[in-house]
Every structure is written in structure tokens, then in C-alpha cells.
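Subject: Structure handover

Hello,

Here is the structure for your files. My notes on it follow below.

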Amino acid sequence: MTAKDAISTQIIPLRSATTYSEGLEAMRNAGRHILPVVDNGEYIGLVSDSAPLYAMESVGDAVTFMKPVTASTPISLLLSRMVDERASIFPVVDDLTGDYIGSVDREAMIGSVARLFPQVDESTD
């Protein structure tokens with residue numbers, strides 16, 4: 001299983017030109033504290049609701065770069081990075097083009113790992 005298999009469809013990236021108020025509203029509507037910033041398929045970085053967005057014209061002014069993982073990154077390595085870096089979200093880029101293809105969050109990661117284990121009937125001893 002790879003990072004591509006764990007991409008969350010619930011994470012919608014922002015554009016760097018998105019205004020700070022639009023960015024905060026998008027985070028609130030998505031129930032997220034951090035979102036990726038992507039322009040024309042290129043991963044730019046992450047923006048958090050804890051950034052001083054009120055002092056910025058756009059979310060692009062508040063981007064923090066986090067090295068993305070490639071689509072073929074094994075889940076075990078992604079889990080390790082997630083724990084080591086205390087990250088709640090990881091951007092995923094295409095192995096060949098480097099284009100942004102999605103993000104993995106903790107919930108998607110837990111679901112992906114759970115699918116690795118067979119379901120056991122609770123009535124089985």
C-alpha cells in the first residue's frame with residue numbers, strides 16, 4: 001500500500017491567491033486547521049489557521065513548506081514521518097511529474113491501515 005492509496009478526497013487545496021478570509025472560511029467549512037496550497041497543479045506548501053492570516057493579503061503569504069511525499073511512498077514510511085513530524089496532513093505528488101495529486105490526513109491513514117487487516121467476526125473465539 002502506498003501514499004496514493006491513502007489520499008483523502010475530503011481535502012480541497014487552496015490557491016495562493018485565495019484571500020485570507022476565504023482561506024479561513026474554507027478551513028472552517030472543511031473542519032480543518034491546515035490545508036495545502038496548490039497553483040496550476042504545483043504544490044506550494046501548507047497554510048494553517050494559526051498563521052497570522054489577518055496580516056496577510058492572501059494565503060500564499062502565509063505558506064509553510066513541508067516536503068511532500070511521492071505517490072509511491074510506502075504507507076510504513078508515511079506513518080513514520082507522520083509520527084516523527086507530528087503532522088496531521090501530508091501532500092502527495094506524482095512520482096514522475098511532481099504535480100500535486102492529493103493529501104493524506106490522519107483519518108485516511110487510519111482507514112488505509114485498517115484495510116490491511118482482515119475483519120474478524122466478534123462472535124469467533
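The largest nonpolar core has 28 residues, and the members that touch the most others in it are V47, L78, F90 and V104. Two or more residues come from each of β1, β2, α2, β4 and β5 (100–105). The largest share is that of β4, with 4 residues. Please keep in mind that this is a predicted model.

Leaving out residues up to four places away in sequence, L78 is in contact with A3, V69, T73, F90, V104 and M109. As background, nonpolar side chains in soluble globular proteins tend to be buried together.

The backbone has two points to note. Most residues other than glycine have a negative phi. N40, which is not a glycine, has a positive phi of about 50°. N40 lies in the loop that links β1 (34–39) to β2 (42–48). Its relative accessibility is 83%, so N40 counts as exposed, the cut-off being over 50%.

R86 is the other case: phi is positive here too, near 50°, and the residue is not glycine. The loop between α2 (75–84) and β4 (89–93) holds R86. R86 also counts as exposed, because its relative accessibility is 74%.

Regards

Definitions and conventions:
Residues are numbered from 1 along each chain as its sequence is written. This is a predicted model: local features need pLDDT of at least 70, side-chain atom pairs count only at pLDDT 80 or more; totals for chains, interfaces and linings use all residues. Side-chain values use heavy atoms; hydrogens and water are left out. Buried means under 20% relative accessible area, exposed over 50%, partly exposed in between (1.4 Å probe, protein chains only). A nonpolar core is a set of buried Ala, Val, Leu, Ile, Met, Phe, Trp, Tyr and Cys residues joined through side-chain atoms within 4.5 Å. Contact means heavy atoms within 4.5 Å.
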